[in-house]
Amino acid sequence: MLKNYIKIAWRNLLRNKTFSIINIAGLAIGLCCFLLIALYVLDELSYDKFNENADRIYRVNSYIRFGGTDLKMSESSDMTGQVLKKDYPQVEQYTRIYTNNGSKLIKKDNSFIDEQKVAYVDSTFFDVFTFPAIAGNTHTALNDPNTVVITESVAKKYFGTTDVLGKTIETNEKGSTLYKVTAVIKDMPHNGHFNYDFLFTMKSLDYQWGQFASHNFHTYLLMKKGTDYKAFEKNFDAYINKYVLPFIQQFVQIKSMAEFRKAGNKLEYSLIPLTKIHLYSDLSSELSPNGNIQFVYIFSIVALIILGIACINFMNLTTARSANRAREVGIRKVLGTERKELITQFLAESTLMVFLSLIIAIGIASIVLPLFNNVASKSMVLGSLFSPVILPLLIALPFVVGLLAGSYPAFYLSAFKPIEVLKGKLKAGEKTVTLRSVLVVVQFFTSIILIIGTIVIYKQLSFIQTKDLGFKKDQVLIINGTGALKNTETFKNDILQLSGVQSGTVSGYLPVDNSWRNDNSFSTSSAIDVSNGFDMQNWTVDYDYIKTMGMQIISGRNFSKDFGSDSSAVIINETTAKVIGYKDPIGKKIYGIGNDKKTIAYNIIGVVKNFNFESLRQNISPLAFFLGKSDGFASFKVNTSNINNLVSQVENKWKAMAPAMPFSYRFMDASFDEMYRSEQRVGKIAMIFSVLAILIACLGLFGLATFIAEQRTKEIGIRKVLGASVQGIVQLLSKEFVKLVAIAFIIAVPAGWYFMNKWLQDFVYRISLSWWIFAAAGLTVLIVALATVSFQAIKAALTNPVKSLKTE
């Protein structure tokens with residue numbers, strides 16, 4: 001029996017080629033989109049789950065508010081992990097990661113390579129995380145000073161083999177430092193929230209240990225089985241009172257944490273599960289750009305929407321063709337076929353169609369996956385769909401989609417009464433017009449929502465690109481790693497002599513990603529307490545920094561060599577001026593704490609206009625410039641049409657001063673764009689799937705318009721004989737679709753406004769949702785729908801009426 005069902009279904013597919021091609025094409029594109037998005041979602045949800053103890057690993061996060069400044073950090077102090085392990089038996093093990101700026105110069109042959117994927121870790125790192133060893137014992141590899149664990153690819157890069165135990169790696173620290181390779185691990189998986197090639201022992205880190213109030217380490221806790229991490233978080237109050245408070249009291253006059261909090265301040269610690277970091281954490285100093293669970297939800301919904309549109313096409317086209325199958329159903333019922341057999345037959349047809357579409361979809365997905373990986377910045381493989389967990393779901397997909405898409409047509413067609421059908425009393429689609437209209441509205445609704453989302457994302461990204469940031473990011477050339485030079489000031493002066501270079505500065509602090517950050521507590525009084533203290537970014541810069549960055553002094557003056565007292569001067573931003581409460585802060589003082597724990601007074605000489613040095617998702621926090629030496633980056637404001645020639649000249653100057661050191665550069669505007677990579681990726685992906693969703697909907701509209709025109713062939717012929725124009729007939733066939741677009745638009749506008757307004761709330765600086773965004777989305781769908789329907793309508797209107805009237 002099943003064989004007969006399949007044979008009949010196959011014959012029906014071949015007999016109705018146009019119908020079959022439209023349906024299979026729509027389903028194939030819909031399923032391909034569904035598979036690609038499924039791969040994306042599965043990849044996002046898989047982060048850090050390769051660790052054997054992933055369900056027991058937690059990171060310590062910090063939340064500090066002092067003087068109205070909020071600091072939400074993924075870091076904690078160097079003492080946090082070891083103290084928690086000592087005091088609380090629930091902590092089985094801990095480990096820390098320290099990255100500083102995350103790079104190190106490694107010597108290969110006679111020159112150095114600037115390696116970016118570098119970190120210092122504890123010897124317990126491999127007791128917490130799971131990274132299989134190729135050589136050596138990872139559990140003891142970092143017990144001694146000057147040891148390092150490297151990945152397989154690095155071993156081959158520097159030594160040509162993985163048999164490297166006992167060999168040394170040379171860095172440029174303190175002139176030259178050798179590290180012994182004690183283990184080699186497999187390359188870290190891409191789906192982890194950090195990825196390093198070099199893991200140096202923490203015992204070689206030059207750091208002022210025991211700083212309970214300095215948060216520079218990523219601390220991870222491996223909790224014992226059965227530990228409720230939410231309940232464990234209650235222990236942080238005791239930890240603060242026992243360890244952090246006494247340390248803070250050395251610098252700030254504070255009696256208790258109750259007094260600290262009463263003044264509106266906060267000091268809190270929390271735990272986040274390892275497997276939630278990638279999608280749920282967006283704190284400062286994340287080890288890599290994280291994803292966003294909202295995007296996972298959005299794309300999951302988009303996948304279902306696109307698949308739903310393809311299913312709607314199938315249902316619409318199948319019910320629209322009801323008259324073509326009505327006589328068949330009537331004859332089979334007269335011959336004794338039961339209704340359940342007819343239902344099975346129609347479901348078999350839909351399942352076969354979905355199965356063929358799935359095969360085509362997998363083929364298309366395999367071809368476009370490399371392009372999709374490029375857009376999404378992923379390394380996904382199609383083989384993930386055939387894993388033991390996913391494969392059963394993939395096999396079930398044709399049956400589920402076939403049932404969803406074919407259920408209504410099957411029950412509808414099988415319910416025809418044979419007497420009415422054979423007498424010709426049943427008119428095609430008569431009982432399903434309302435349902436088809438609803439389904440078409442759903443298609444238009446989802447298409448409009450997708451277009452609105454795409455426009456808003458791109459408009460927000462455009463706003464970010466063009467917003468006045470308070471500094472000039474264009475035409476700023478950044479030379480990395482100037483700390484390797486013996487005399488950065490000489491290098492800077494040499495570059496300033498080149499044609500096209502307007503100004504230059506040397507500082508590790510830049511208002512873009514991948515540069516230094518440093519915040520400390522300051523006060524308006526020499527005695528820092530909870531009433532006058534505040535946290536503030538303090539950046540060390542030179543005389544030319546503000547000029548090179550294109551920042552604006554709105555009060556007072558810049559640093560100047562004419563004033564010897566500027567070594568103890570400070571330039572603050574507008575937010576700091578507001579925090580300290582001085583109407584005219586010029587000439588006033590703020591106080592900080594030096595390395596010797598003594599108070600230092602700084603004279604305010606200027607106020608710089610606020611500039612965005614963090615993401616536009618965040619408010620501008622207090623910041624101050626201090627005059628001093630800060631190697632790390634040399635930045636130059638340039639004005640030349642031949643930028644390649646200028647870069648070549650800068651490289652020659654570099655090689656003349658440091659021939660063994662790698663030359664590396666970037667442009668500030670490109671670094672700024674890096675801060676919004678996830679939004680850019682989402683914008684591209686949303687646009688692609690919006691276009692595909694509209695394409696699938698258009699395939700359905702085309703097929704539906706074709707069958708409606710066929711059903712009204714005689715009516716069109718009579719109208720033409722009676723004098724109807726081509727334009728009039730096109731309007732007749734198109735007006736129903738215009739009504740459906742209007743209904744969909746009315747429903748989509750409030751829904752689109754709600755969802756996109758909610759997304760924009762993540763940005764402190766954002767666009768407003770203008771009316772034209774919604775109008776453009778609706779108009780786009782209307783034009784595409786009319787173009788699709790009008791093609792078939794014009795064709796029907798131009799048909800010779802004599803032929804039309806002969807059809808019956």
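Helix α3 passes helix α7 in a right-handed crossing; a crossing is right-handed if the near helix is turned clockwise from the far one by less than a right angle, and left-handed if anticlockwise. This is a predicted model, in which local features need pLDDT of at least 70, side-chain atom pairs count only at pLDDT 80 or more, and totals for chains, interfaces and linings use all residues. Residues are numbered from 1 along each chain as its sequence is written, and side-chain values use heavy atoms, with hydrogens and water left out.

Residues 80–87 form α3 and residues 236–248 form α7; the two pack at an angle of about 110 degrees, with axes 12 Å apart. That makes α3 roughly perpendicular to α7 (65 to 115 degrees; under 35 is roughly parallel, over 145 roughly antiparallel, the rest oblique). From α3, the contact (heavy atoms within 4.5 Å) uses T80, V83, L84, K86 and D87, and from α7 F236, Y239, K242 and Y243. These residues divide into five nonpolar, one polar and three charged.

A second pair is α16 (residues 488–496) and α19 (residues 643–657), packed at about 150 degrees with axes 10 Å apart. At that angle α16 is roughly antiparallel to α19. Their crossing is right-handed. T490, F491, D494 and I495 of α16 meet V650, K653, W654 and M657 of α19.

Turning to the loop, T140 lies between β7 (133–135) and β8 (147–151). T140 is partly exposed because its relative accessible area is 43%, between the limits for buried (under 20%) and exposed (over 50%), with a 1.4 Å probe and protein chains only. T140 and T182 are 42 residues apart in sequence and 8.6 Å apart in space, C-alpha to C-alpha.

How values were computed
Axes fitted to C-alpha atoms, helices over the stretch in contact; angles between N-to-C directions. Helix = DSSP H or I, 4+ residues; strand = E, 2+ residues; numbered from the N terminus. Nonpolar A, V, L, I, M, F, W, Y, C, P; charged D, E, K, R; others polar.
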